[in-house]
Amino acid sequence: MASKPKITLTKEVYESLWKLLESVPEDTITNQLEEELERAKIVTPSKLPDDVVTMHSQVTFTVQSTGKTFTYTLVYPTELDSTEHKLSILSPIGSAIIGLKQGQEIDWPISKTQRTTVKVEAVSRAD
């Protein structure tokens, strides 16, 4: 298995994700997100490149196992609703793409028995 790509987060997002993890039951996804946070490079908001996935980014990504491309806004679980294309940070794909740059790929489990590679195609941020 290839090593995981470097990820970058702002201190604010890093801290809010740790608080979120402390408030929800532990499971496979939360454990994976915790591993991602532990290897993240932390930067100030002004140093976060525009093409890095952060909370509230609109992200276009391709799931390589299906070849399908999706566009979602990455949100906290409490921000999910049925009217918009939103993806929870606590979903398998949400936890995979946080901190990745446009063009990066990551090998990620999408279930207990299945893995896939997710590639970030485009990132835009709502400022």
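**Exercise 1. In which strand is Ser88 found? Work out its surroundings too.**

This is a predicted model, where local features need pLDDT of at least 70, side-chain atom pairs count only at pLDDT 80 or more, and totals for chains, interfaces and linings use all residues. Residues are numbered from 1 along each chain as its sequence is written, and side-chain values use heavy atoms, with hydrogens and water left out.

*Step 1.* Ser88 is found in strand 5, residues 86-88. Helices (H or I, at least four residues) and strands (E, at least two) are DSSP runs, numbered from the N terminus.

*Step 2.* Ser88 counts as buried because its relative accessibility is 10%. Buried means under 20% relative accessible area, exposed over 50%, and partly exposed in between, with a 1.4 Å probe and protein chains only.

*Step 3.* The side chain of Ser88 reaches the backbone nitrogen of Leu90 at 2.9 Å.

*Step 4.* Setting aside neighbours within four places in sequence, Ser88 is in contact with Leu74, Val75, Pro77, Leu80 and Gly94. Contact means heavy atoms within 4.5 Å.

**Exercise 2. Describe Thr10 using those steps.**

*Step 1.* Thr10 sits in strand 1, residues 8-10.

*Step 2.* With 6% relative accessibility, Thr10 counts as buried.

*Step 3.* The Thr10 side chain reaches the backbone nitrogen of Val13 at 3.2 Å.

*Step 4.* Not counting residues up to four places away in sequence, Thr10 touches Ile42, Val43, Thr44, Pro45 and Leu48.

**Exercise 3. Now zoom out and describe the whole chain.**

*Step 1.* Start with the elements: the chain has three helices and seven strands. Reading from the N terminus, they run β-α-α-β-β-β-β-α-β-β.

*Step 2.* Next, check the overall size. A compact globule with 127 residues would have a radius of gyration near 14 Å, and the chain's 13 Å agrees with that. The radius is taken over C-alpha atoms, and the globule rule is 2.2 Å times the number of residues to the power 0.38. Along the principal axes, the C-alpha atoms fill a box of roughly 35 × 35 × 30 Å.

*Step 3.* Then look at burial and surface. Of the 127 residues, 42% are buried. The accessible surface is about 7300 Å², and 49% of that belongs to carbon and sulfur atoms. Accessible areas come from the Shrake-Rupley method with a 1.4 Å probe; for residues, only the protein chains shown count as cover.

*Step 4.* Finally, consider contacts with a separation of 6 or more: residues 24 or more positions apart account for 56% of them.

**Exercise 4. Which residues touch the most other members of the largest nonpolar core?**

*Step 1.* A nonpolar core is a set of buried Ala, Val, Leu, Ile, Met, Phe, Trp, Tyr and Cys residues joined through side-chain atoms within 4.5 Å.

*Step 2.* Among the 29 residues of the largest one, Leu17, Met55, Phe61, Ile89, Ile97 and Ile98 touch the most other members.

*Step 3.* At least two residues of this core come from each of helix 1 (11-23), helix 2 (28-38), strand 3 (57-63), helix 3 (92-97), strand 6 (105-109) and strand 7 (115-125). Helix 1 gives the most, with four residues.

*Step 4.* Take Ile89 as an example. Leaving out neighbours within four places in sequence, its contacts include Leu17, Leu33, Met55, Tyr76 and Ile98.

**Exercise 5. Which residues of helix 2 are buried, and what covers them?**

*Step 1.* The buried ones are Ile29, Thr30, Gln32, Leu33, Glu36 and Leu37. They span an arc of only 160° around the axis, so they are on the same side of helix 2. The arc is that of the directions from the helix axis to the C-beta atoms.

*Step 2.* Their cover includes strand 1, helix 1, helix 3 and strand 6.

*Step 3.* Look at the start of helix 2 as well: a side-chain oxygen of Asp27 reaches to within 3.0 Å of the backbone nitrogen of Ile29.

Notes
A polar contact is a pair of N or O atoms within 3.5 Å; within protein, one must be able to donate a hydrogen and the other to accept it, and residues adjacent in sequence count only if both atoms are side-chain atoms.
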